[in-house]
Amino acid sequence: MSIEKLRKQSSSTILRIVLSAFTAAFLIGALCAPDRTDMLGGLWRIITRPSLLTKDYFFVEIGSVSGAFLNVALVGAVCCLMMYLPGAVVGGGTVAAYMLTVGFSFFGINILNILPIILGTAVYSLLKRQSFAKNINFAMFSTALAPLASEMLFRYPGTELRSVTLLGAVLALVIGVVVGVCMPALCAHAQFFHKGYDLYNAGPAAGFLCFMIFATLYKTLGVEAPAIAATLGEGSPVLCNVFALVCFVLCIAFGLALNGGFKGYGKLLLDPGHKVDFAAKHGIGPCVINFGVYGLFILAYYNLIGAKFTGPTFGVVWCMLAFCAAGATPLNVLPIMVGYFLGSLFGVNALNAQAIVVGLCFASGLAPVSGKYGPIAGVVAGLMHYCLVTSVPAIHGGFNLYNGGFTSGIVAFVLVPVLEHFFKTFEERRAAK
């Protein structure tokens, strides 16, 4: 298809093409990984082990680099197939759902544990008498609790790894249906909890639901809960950097070709990012350019702080991209990063510690705070998130992959009422003048 024909396509069609291209890229990454001879073995280890926070799928005892990339490609393919269902509309929310799902496929989601969750969303669609195509975003967001399915299959009610049992399979299906049915309703109401200032809207929804399920399965029934502990390898910085660099540069090139240059991108950069779909508001060209520019910005930051490119580190690069089409830009995320830097000066966790690297990903969901109230408010939001993010997993047992998004919701719940009560937004200040 020529670039002229592409320009005439709807933004939904172009976003499908971009996300399908990312999926193909992950498959190419699997085939190019140095350990590709262990691709299938690595994938098998990934899908047959529990996956609560934080398990590095690059680590050979849990998976392999090539196996992780293959897992991401398979999960991405399932997401893309849903996008091509008749009646499915792809927008900024779909981009967010896809990026979060493939990002966590490097450390928590796999091609097996998403299936009960997707089934649950299908049950929700039947109960509501809606087309499943209308709810594909919810199907992807609900995979935040996919580690619960793996836990039921391979460990619950004990703490030792075992083979799949009939009880485990039934529990996994039940949990999947509960999550898939409840998450759409919770996501719809979560926006009233944080007023749109947490881009990771599914974070609070997943956090509170997981808290209830975890308390019921473990605390109420007196079952010993598995320890929350990171299992990390040495990382694969060269492959990760080269792969991401190529993807993001190609995004910029594609966006420039669609857009005929950078026109309109400056206006997108200055957008506060509050309750917005960049593709609808600024056009698909600037939106795709933001994929690449924001991606390079994230990549540069993680290299600057010396983060190890483990599965979780590399995964959150893609998770941070989730809202590059719906609110996040380098300008409104930078103050959040500064807040994290300030927190690292007095906190016990270094800026490049794995928990903090992952936490920053979801702190970026507070970008509308800096976009609406200014950079100082953004710095404060980032600092508050830094202080909270390592304490929150105890609430949900480490089974909620959107731990940082849940934390962002808590920060917004505390901070936004104070800002609204004592301070004015940029728009209000301009109007007052």
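The expected span of a helix is 1.5 Å times one less than its number of residues. Keep that in mind for these exercises on a predicted model.

**Exercise 1.** Work out what span helix H2 (residues 11-32) should have, and compare it with the distance between its end C-alpha atoms.

*Solution.* Start with the length: H2 has 22 residues. At 1.5 Å a residue, H2 should therefore span 32 Å. Now turn to the model, where the end C-alpha atoms of H2 are 31 Å apart, which agrees.

**Exercise 2.** Decide whether Ser 12 is buried or exposed, and find which residues Ser 12 touches.

*Solution.* First locate the residue: Ser 12 lies in helix H2. Its relative accessible area is 12%. Buried means under 20%, so Ser 12 is buried. Leaving aside residues up to four places away in sequence, Ser 12 touches Val 89 and Val 90.

**Exercise 3.** Describe how helix H14 (residues 284-304) packs with helix H16 (residues 330-346).

*Solution.* Two packed helices are described by the angle between their axes and the distance between the axes. For H14 and H16 the angle is about 20°, and the axes are 11 Å apart. Angles under 35 degrees count as roughly parallel, so H14 is roughly parallel to H16. Their crossing is right-handed. Next, list the contact: H14 contributes Asn 290, Val 293, Tyr 294, Phe 297 and Tyr 301, while H16 contributes Pro 330, Val 333, Leu 334 and Met 337. Finally, sort by class: the contact has 8 nonpolar, 1 polar and no charged residues.

Terms used. Residues are numbered from 1 along each chain as its sequence is written. This is a predicted model: local features need pLDDT of at least 70, side-chain atom pairs count only at pLDDT 80 or more; totals for chains, interfaces and linings use all residues. Side-chain values use heavy atoms; hydrogens and water are left out. Helices (H or I, at least four residues) and strands (E, at least two) are DSSP runs, numbered from the N terminus. Axes are lines fitted to C-alpha atoms, for helices over the stretch in contact, and angles run from 0 to 180 degrees between N-to-C directions. Angles under 35 degrees count as roughly parallel, over 145 as roughly antiparallel, 65 to 115 as roughly perpendicular and the rest as oblique. A crossing is left-handed if the near helix is turned anticlockwise from the far one by less than a right angle, and right-handed if clockwise. Contact means heavy atoms within 4.5 Å. Ala, Val, Leu, Ile, Met, Phe, Trp, Tyr, Cys and Pro count as nonpolar, Asp, Glu, Lys and Arg as charged, and the others, Gly among them, as polar. Buried means under 20% relative accessible area, exposed over 50%, partly exposed in between (1.4 Å probe, protein chains only).
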